[in-house]
Amino acid sequence: MGETIDFSRPSAFLWDAPGTRFSTIPRSSPRMPNRLSFDRVATVYDETRGLSPRAMSRVLGVLVDELRGKRVLEVGVGTGRYALPLQKSGIRVVGVDISRHMVGLGLAKGLRDIVFADGARLPFVARAFDVATTNHVLHLISNWTDVLEEIARVTRDTFFSVIEQSESPSVHSEYDALVREAGFQWRHPGIHERDLPGLLKPDIVIPVGPFRETVSMDVVLKPLAERAFSNQWEVPEEIHRQAMLRLRQKWAGKGYDRSYSLEIAFWRVERLPELARAAAQRS
């Protein structure tokens, strides 16, 4: 089992940039700000967020080529959806997360080098990593710009994210529209990684795909009915029930032709503060 480091203790472990070990120094540990934790859906996370095997294989092929020989940090590593196969391919990945249940499932699968810490207060020395990434994480964090500032501090070269571009509306979007129509408004506290290129053009974009697949709508509707997604957690029960009723009336027993592509977007870390400024100007 991989090394797990707990930063709730009075001392913290910092990555020793010149080498490959962890070193210990005294450090204060203020209370971690509130975050949306995925502990409640940890057991279904991989099956509800995972890419198809073909798409994942293509993405990993690109990432292994790009990351070989580099020290990689993943903030919001979760169950290790990306970190675990990268580690198995010989890539040095350190993961940071706050969800013990999510990480526990990753460790059981063989995930290594995990740190429990707040992404807005990373316990690493400056320039400890060559590359950093977040994937489906920043929308859960109200002070997401602080996370990017910390990533810029501890990273030498680049920040990247794997971004999905769908060619057709999703049932998730239909659910959101039905909930809004019923009078409930809720927004994630942060920003989706897919929206970052609209704020600041990436330095490099590597396209992967396109992919086309037919999925069973009964399979898609099941996790929606069980509130497996964070945008559903605050929806009042009656509004949720009515939305699911209408979706089942439309989609139950049918198949759905899904078309999408993926992009791996890279930014030089010195440009990350520009993202924060662009977000402030847009708001």
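Tutor: Helices (H or I, at least four residues) and strands (E, at least two) are taken as DSSP runs and numbered from the N terminus. This is a predicted model, in which local features need pLDDT of at least 70, side-chain atom pairs count only at pLDDT 80 or more, and totals for chains, interfaces and linings use all residues. Residues are numbered from 1 along each chain as its sequence is written, and side-chain values use heavy atoms, with hydrogens and water left out.

Student: How many salt bridges does the count come to?

Tutor: A salt bridge requires a side-chain nitrogen of Lys or Arg within 4 Å of a carboxyl oxygen of Asp or Glu. By this rule, the count is 13.

Student: Is glutamate 150 buried or exposed?

Tutor: Buried means under 20% relative accessible area, exposed over 50%, and partly exposed in between (1.4 Å probe, protein chains only). The relative accessibility of glutamate 150 is 13%, so this residue is buried.

Student: How many residues apart in sequence are the parts tied together by aspartate 203 and arginine 271?

Tutor: The side chains of this pair meet in a salt bridge at 3.1 Å, N to O. Aspartate 203 lies in the loop between α7 (196-199) and β9 (204-216), whereas arginine 271 lies in the loop between β10 (255-268) and α10 (272-282), so the sequence separation is 68 residues.
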